[in-house]
Amino acid sequence: MINRRHLIATGAAAAMAGCGQVERPLYSADAHVADYPTVQGVQAMARMVEERTGGRQRVKIFAGAQLGSERDTLELTIFGALDLNRVNLAPLNAFASETIIPSLPFLFNSVEHMRTSLDGAPGQAILDALRPHGLVGLCFYDSGARSFYNTRGPVHAPEDLQGLKIRVQNSDLYVAMVQALGANPTPMSFTEVYQGLVQGVIDGAENNMPSYESTRHFEAARYYSYSRHVMAPEILVMSKHRWDRLSVEDQDIFQQAARDSVPVMRELWDARVNNARDRVLASGVETNEIADIGAFSVRMESVWGRFVASDVQRRLVEDIRNLGGQV
Ligand code: GTR
């Protein structure tokens with residue numbers, strides 16, 4: 001049984017010894033349940049890696065937040081105690097400002113625009129920006145669009161969120177976005193949200209449909225309103241400590257397998273979005289479209305000035321916007 005303490009002990013020993021051959025598989029963390037498309041995407045990558053290295057390299061995935069919250073597992077990954085990690089961009093916002101860009105409200109016009117941007121030069125620049133922080137960005141996975149859900153009633157206008165306690169990820173950007181709408185942001189780790197909703201510690205949260213369904217948040221918060229305010233993707237990272245110990249040949253195999261797993265994940269994702277929606281609707285959840293989405297985007301504009309502060313970030317925004325005209 002692997003737990004955090006064991007990981008820290010073995011990982012630290014390996015990192016300190018600077019040792020070449022580690023016989024065990026690479027360990028990978030994910031906050032989602034085993035059949036979720038992000039876990040299945042990494043599983044697809046793992047199969048390709050194993051096949052392409054003749055079994056020399058293997059990956060073992062610890063799903064369901066077994067190894068801790070995304071913030072905690074990221075620390076382990078940077079430190080070298082954990083080899084691979086699939087996380088959302090949000091927990092990376094604090095130390096790599098490039099990761100803020102795809103998380104900005106209403107940046108992408110469509111799923112296609114998001115995919116084209118992440119598959120292209122802006123995506124590569126963001127993956128590359130992680131190396132100085134001890135992580136090698138391997139690929140992005142889809143996370144669809146995040147929308148608000150709550151226990152009180154449908155949200156049609158920002159006024160409906162007024163004063164509600166809305167759980168957000170541990171990122172200042174998310175705190176600011178929810179504040180800009182007049183709600184009270186409550187940073188909390190993913191695994192605590194269900195209890196928080198049931199016990200009334202929070203009134204709602206924001207997430208994509210597959211997460212809303214897989215976590216059973218829909219059983220506690222019965223109103224899901226399609227604000228689609230953020231399309232921040234998921235990312236798969238490898239610890240740079242581990243990466244540096246791979247041969248160049250194996251580095252290429254991991255990188256290529258990660259890229260090849262993206263279309264596999266996207267197919268699973270698209271199907272999961274539909275299945276999740278059908279399941280929550282069948283349970284009686286009330287969903288609604290928002291007629292005047294401009295009322296949300298206008299209020300959230302204030303966060304752009306605060307979080308887009310460098311030339312590098314401004315260039316990324318411009319490149320992504322230019323790609324928006326092409327899809
Ligand atoms: C999900 C995402 C997770 C995590 C979670 C959250 O959509 O896949 O990695 O970020 O949201 O809200 O904490």
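Which side chains meet in a salt bridge at 3.9 Å, N to O? In this predicted model, local features need pLDDT of at least 70 and side-chain atom pairs count only at pLDDT 80 or more, whereas totals for chains, interfaces and linings use all residues. Residues are numbered from 1 along each chain as its sequence is written, and side-chain values use heavy atoms, with hydrogens and water left out. The pair in question is glutamate 213 and arginine 272, a salt bridge being a side-chain nitrogen of Lys or Arg within 4 Å of a carboxyl oxygen of Asp or Glu.

The domain assignment, which is automatic or from a database, gives domain 1 (4-95 + 109-141 + 234-272) and domain 2 (146-231 + 274-310). The centres of the two domains, taken over C-alpha atoms, lie 27 Å apart, and their contact (heavy atoms within 4.5 Å) takes 18 residues from domain 1 and 18 residues from domain 2. Between them the domains bury about 1300 Å², of which 55% is on carbon and sulfur atoms; buried area is the accessible area (1.4 Å probe) that two parts lose on being put together, summed over both. One salt bridge is counted between domain 1 and domain 2.

Helix packing was also examined, with helices taken as DSSP runs (H or I, at least four residues) numbered from the N terminus. Helix 5 (residues 121-128) packs against helix 14 (residues 311-324) at an angle of about 150°, the axes being 9 Å apart, where axes are lines fitted to C-alpha atoms over the stretch in contact and angles run from 0 to 180 degrees between N-to-C directions. Helix 5 is therefore roughly antiparallel to helix 14, a term for angles over 145 degrees.

How values were computed:
Helices (H or I, at least four residues) and strands (E, at least two) are DSSP runs, numbered from the N terminus. Angles under 35 degrees count as roughly parallel, over 145 as roughly antiparallel, 65 to 115 as roughly perpendicular and the rest as oblique.
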